[in-house]
Amino acid sequence: MKIIMLGAPGAGKGTQAKRIAEKYNIPHISTGDIFRANIKNGTELGKKAKTYMDQGLLVPDELVVDLVVDRVAQDDAKNGYVLDGFPRTIPQAEALDAALEKINDKVDYAIDVDVPDSNIIDRMSGRRACVGCGGTYHIVYNPTKAEDVCDACGGQLILRDDDKPETVENRLKVYHDQTQPLIDYYTKKSILKSVDGTKDMNEVFENIVKILEV
Ligand code: AP5
């Protein structure tokens, strides 16, 4: 099962992608997580990506596409994967399709987690991310047992640099300009499925499972 998660920043793509990956035993491939790990490790890729991410801009396609095409070709992705945060532009989607076509393969579902902009600032300002394992929580909707401590690994929780309101506004603009056209792109391919992302996290997940198990 090869799945793409679409949706605005903070719509809940990562939250749902992790659950899908766990239920169907397929890798969760998040380009945002890959960049954040590179930033943490001080790699050249991380240094380049950070300059864009801090401004709420997309990292250029040439730094993303090969990385993802190589990742989905790895052995653990043979039976499927859930892509979270990729593709984000039409050229990225075309590059993925072209790479898959070469091996007679294709994406099965593009799931759009639909959340209006008015909910997004609230989602982002309340999100806390673990510096250790990258786990995400929300101070109201998905709180940890102890304040600012990750339930999974005991790591410290922080507000992501790009979750500050001024950067979120930019990310939303970039989303509407560059990523939203993918909704049409996958609708034309008849693989777009939309879920209401304003519902409770468990309900959103149940609705996704219904789509995948039809
Ligand atoms: P990335 O990390 O992918 O950020 P994003 O797409 O902006 O998405 P987020 O991770 O912010 O949100 P999400 O939808 O996963 O929401 P989450 O589940 O955490 O990318 C970061 C940056 O990297 C980009 O801006 C760009 O610069 C660069 N980048 C990455 N990929 C790229 C690419 N392909 N090309 C170019 N550049 C790229 O949920 C958000 C919060 O809401 C959490 O606190 C969560 O607990 C809560 N929540 C989730 N669901 C619900 C619910 N149903 N009800 C209430 N609260 C909920």
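Reply: Let's start with a term: a nonpolar core is a set of buried Ala, Val, Leu, Ile, Met, Phe, Trp, Tyr and Cys residues joined through side-chain atoms within 4.5 Å. Keep in mind that this is a predicted model. Its largest nonpolar core has 27 residues, and I3, M5, I20, V82, I111, I208 and L212 have the most contacts inside it.

Me: Which elements supply at least two residues of this core each?

Reply: Strand 1 (2–6), helix 1 (13–24), strand 4 (109–114), helix 6 (117–126), helix 7 (165–179) and helix 9 (201–212) do. Helix 9 gives the largest share, six residues. Another core, of 24 residues, lies apart from that one, and A49, V59, A77 and Y186 are among its members.

Me: What does I3 touch, not counting residues up to four places away in sequence?

Reply: The list for I3 is I20, I26, Y81, V82, L83, Y109, I111 and L212.

Me: How do you know that strand 2 and strand 3 pair?

Reply: Pairing takes at least two bridges. Strand 2 and strand 3 (residues 81–84) have three, in the parallel sense, and therefore they count as paired. Within that pair, I29 stands opposite L83 of strand 3.

Me: And what makes strand 2 and strand 8 the edge strands?

Reply: The open sheet has five strands in the order 2-3-1-4-8, with parallel pairing. Strand 2 (28–30) and strand 8 (192–196) each pair on one side only, and that is what an edge strand is here. From one strand to the next, the twist averages 25°.

Me: Why does Y52 count as partly exposed?

Reply: Buried means under 20% relative accessible area and exposed means over 50%. Y52 has 29%, so it falls in between and counts as partly exposed. Y52 sits in helix 3 (residues 44–53). Leaving aside neighbours within four places in sequence, it is in contact with L57, L58, V59 and P60.

Me: What makes N25 exposed?

Reply: N25 has a relative accessibility of 71%, over the 50% cut-off, so it counts as exposed. N25 lies in the loop between helix 1 and strand 2, and has a positive phi of about 55° although it is not a glycine. Most residues other than glycine have a negative phi.

Me: How do you know that S190 is exposed?

Reply: The relative accessible area of S190 is 62%, also over 50%, so exposed it is. S190 belongs to the loop between helix 8 and strand 8. Its phi is positive too, about 60°, although S190 is not a glycine.

Me: What kind of peptide bond joins F86 and P87?

Reply: A cis one, with omega of about -5°. P87 is in the loop between strand 3 and helix 5 (90–102).

Technical notes:
Residues numbered from 1 in each chain as written. Predicted model: local features only at pLDDT ≥ 70, side-chain atom pairs only at ≥ 80, totals over all residues. Heavy atoms only, no water. Helix = DSSP H or I, 4+ residues; strand = E, 2+ residues; numbered from the N terminus. Axes fitted to C-alpha atoms, helices over the stretch in contact; angles between N-to-C directions. Buried < 20%, exposed > 50% of the residue type's maximum accessible area, 1.4 Å probe, protein only. Contact = heavy atoms within 4.5 Å.
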